[in-house]
Amino acid sequence: MNTYNVLVVEDEKEIADAIEIYLKNQGYRVFKGSNGIEGLEIIDREEIHLAIVDIMMPKIDGITVLETIRTVSNLPIILLTAKGQE
């Protein structure tokens with residue numbers, strides 16, 4: 001069985017930890033970054049199959065992370081937001 005690598009970029013530790021627990025229980029290998037810079041550094045050094053990225057983060061926001069990833073990769077990205085509106 002192949003293990004898929006999932007990157008979670010989330011500045012709220014409790015949320016990142018909860019996502020990590022769920023994904024690990026499903027058999028995924030999880031890498032975590034607490035801001036956009038860390039997330040991009042992980043993508044540079046690891047083979048990531050899916051990225052779950054918070055939109056509102058310090059240093060580099062999730063939209064900028066997405067745009068930066070798209071210049072080099074077409075990997076699937078799920079954006080998270082805590083905003084109460086669509």
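Visitor: On what basis are the values reported?

Guide: This is a predicted model, in which local features need pLDDT of at least 70, side-chain atom pairs count only at pLDDT 80 or more, and totals for chains, interfaces and linings use all residues. Residues are numbered from 1 along each chain as its sequence is written, and side-chain values use heavy atoms, with hydrogens and water left out.

Visitor: What radius of gyration does the protein have?

Guide: The quantity is taken over C-alpha atoms, and the globule rule is 2.2 Å times the number of residues to the power 0.38. The C-alpha trace spans about 40 × 30 × 20 Å along its principal axes. For 86 residues a compact globule would come near 12 Å, and the protein agrees with that, having a radius of gyration of 12 Å.

Visitor: What percentage of the residues is buried?

Guide: Buried denotes under 20% relative accessible area, exposed over 50%, and partly exposed in between (1.4 Å probe, protein chains only). The areas come from the Shrake-Rupley method with a 1.4 Å probe, and for residues only the protein chains shown count as cover. The accessible surface comes to about 5600 Å², of which 51% belongs to carbon and sulfur atoms. Of the 86 residues, the buried share is 35%.

Visitor: Among contacts between residues at least 6 apart in sequence, what percentage joins residues at least 24 apart?

Guide: A contact requires heavy atoms within 4.5 Å. Among the contacts between residues at least 6 apart in sequence, the share joining residues at least 24 apart is 63%.

Visitor: Is V8 buried or exposed?

Guide: V8 sits in strand β1 (residues 5-9). Residues up to four places away in sequence aside, V8 touches A16, I19, L23, V30, F31, K32, G33 and I52. The C-alpha atoms of V8 and I78, 70 residues apart along the chain, are separated by 9.5 Å. With a relative accessibility of 0%, V8 counts as buried.

Visitor: Which residues does T81 contact, leaving aside its neighbours within four places in sequence?

Guide: T81 belongs to the segment after β4 (77-80) and is partly exposed, at 44% relative accessible area. Its C-alpha atom lies 15 Å from that of E14, 67 residues away in sequence. With neighbours within four places set aside, the contacts of T81 are D54 and I55.

Visitor: What is the relative accessible area of D54?

Guide: D54 lies in strand β3 (residues 50-54). Not counting residues up to four places away in sequence, D54 touches V9, E10, D11, G62, L80 and T81. D54 is buried, with a relative accessible area of 7%.

Visitor: How far apart do the centres of the positive and negative side chains lie?

Guide: Lys and Arg count as positive and Asp and Glu as negative, while His and the chain ends are not counted. Each charge is placed at NZ of Lys, CZ of Arg, CG of Asp or CD of Glu. There are 8 positive and 15 negative side chains, and the centres of the two sets are separated by 4 Å.

Visitor: How many salt bridges are found in the whole structure?

Guide: Side chains of opposite charge can pair when their charged atoms come close. The criterion is a side-chain nitrogen of Lys or Arg within 4 Å of a carboxyl oxygen of Asp or Glu. A search of the whole structure gives a salt-bridge count of 4.

Visitor: Which residue in strand β2 does E20 pair with?

Guide: E20 is buried, with a relative accessible area of 16%. E20 lies in helix α1 and its partner in strand β2 (residues 29-33), so the pair ties together parts 12 residues apart in sequence. The N to O distance is 2.9 Å, and the partner is K32.

Terms used. Helices (H or I, at least four residues) and strands (E, at least two) are DSSP runs, numbered from the N terminus.
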